[in-house]
Each structure stands twice: as C-alpha cells, then as structure tokens.
Amino acid sequence: MNKKRRTRIKAIMNQLGECLNEIEEIKDEEQKSYDNMPDSLKEGEKGERISEVIDILDSVYSSLEDIPGTLEEVMA
C-alpha cells in the first residue's frame, strides 16, 4: 500500500474515533436522562423508547469499535 492510501486510511481511522466518541457521549446523555426519570415514566412509552435507544447506540458502538483495528491490519 502506498503512502497516499495509508494517509487516507489513517484519516478514516481518526474520523471513526471521533464518531465513536460522539456516539458514546450521546449514549451517556441518554443514560443520564433515563436515570433521572421517575420510575413511573421509566415504565412508560417514553422510558422504554429511551432504553431502546441506549441499547441501539451501544450496539452501534460495539459494531464500529473494531474497525480501526481492522484497518490497522490492512496497512500492515
């Protein structure tokens, strides 16, 4: 792999790192919102939706977190 393509992959890895940070921050904000809800709202539609969003964001994060390491292998 030439230097130009390595540089492009490194840029992608940096962008992915930023995306992962953003996803984690949003997930943490949603978790705080959920944690601060009264129990009666947690059991309702709004609470269930926030909980679902937290799970989805966690799944997205898990799916993306391995990509930078895989890209590192490509450059080896």
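What follows is a chat about how to read the features of one predicted model.

Colleague: Where do I start, and what kind of model is this?

Modeller: It's a predicted model, where local features need pLDDT of at least 70 and side-chain atom pairs count only at pLDDT 80 or more, while totals for chains, interfaces and linings use all residues. Residues are numbered from 1 along each chain as its sequence is written, and side-chain values use heavy atoms, with hydrogens and water left out.

Colleague: Okay. How many helices and strands are there in the protein?

Modeller: Helices (H or I, at least four residues) and strands (E, at least two) are DSSP runs, numbered from the N terminus. Here you get four helices and zero strands, so reading from the N terminus the order is simply α-α-α-α.

Colleague: What does the radius of gyration tell me about the protein?

Modeller: The radius is taken over C-alpha atoms, and the globule rule is 2.2 Å times the number of residues to the power 0.38. For 76 residues, a compact globule would come out near 11 Å, but this protein has 17 Å. Look at the C-alpha trace too: along its principal axes it spans about 60 × 15 × 15 Å.

Colleague: Now helix α1. What span should it have at 1.5 Å a residue?

Modeller: The expected span of a helix is 1.5 Å times one less than its number of residues. Helix α1 covers residues 3–35, which is 33 residues, so it should span 48 Å; its end C-alpha atoms are 48 Å apart, in agreement.

Colleague: Which residues of α1 are buried?

Modeller: Buried means under 20% relative accessible area, exposed over 50%, and partly exposed in between (1.4 Å probe, protein chains only). In α1 the buried residues are Ile9, Met13, Leu16, Leu20, Ile23 and Tyr34. They pack against α2 (39–42), α3 (45–64) and α4 (67–75). Over the whole protein, 20% of the 76 residues count as buried.

Colleague: Can we zoom in on Leu16? What is it in contact with?

Modeller: Contact means heavy atoms within 4.5 Å. Leu16 is found in helix α1 and counts as buried at 15% relative accessibility. Leaving aside neighbours within four places in sequence, Leu16 is in contact with Ile67, Pro68 and Leu71. Check Glu65 as well: it's 49 residues from Leu16 along the chain, yet their C-alpha atoms are separated by 8.3 Å.

Colleague: Which residues does Gly47 touch?

Modeller: Not counting residues up to four places away in sequence, Gly47 touches Tyr34, Met37, Leu41 and Lys42. Its relative accessible area is 0%, so Gly47 is buried.

Colleague: Last one: how many salt bridges does a search of the whole structure find?

Modeller: A salt bridge is a side-chain nitrogen of Lys or Arg within 4 Å of a carboxyl oxygen of Asp or Glu. The search finds three. In one of them, Lys27 pairs with Asp58, the closest N and O atoms being 3.9 Å apart. Lys27 lies in helix α1 and Asp58 in helix α3, so the pair ties together parts that are 31 residues apart in sequence. Asp39 forms a salt bridge with Lys42, also with the closest N and O atoms 3.9 Å apart; these two are three residues apart in helix α2, about one helical turn. Then Arg49 pairs with Glu52, with 2.5 Å between the closest N and O atoms. Arg49 and Glu52 are three residues apart in helix α3, again about one helical turn.
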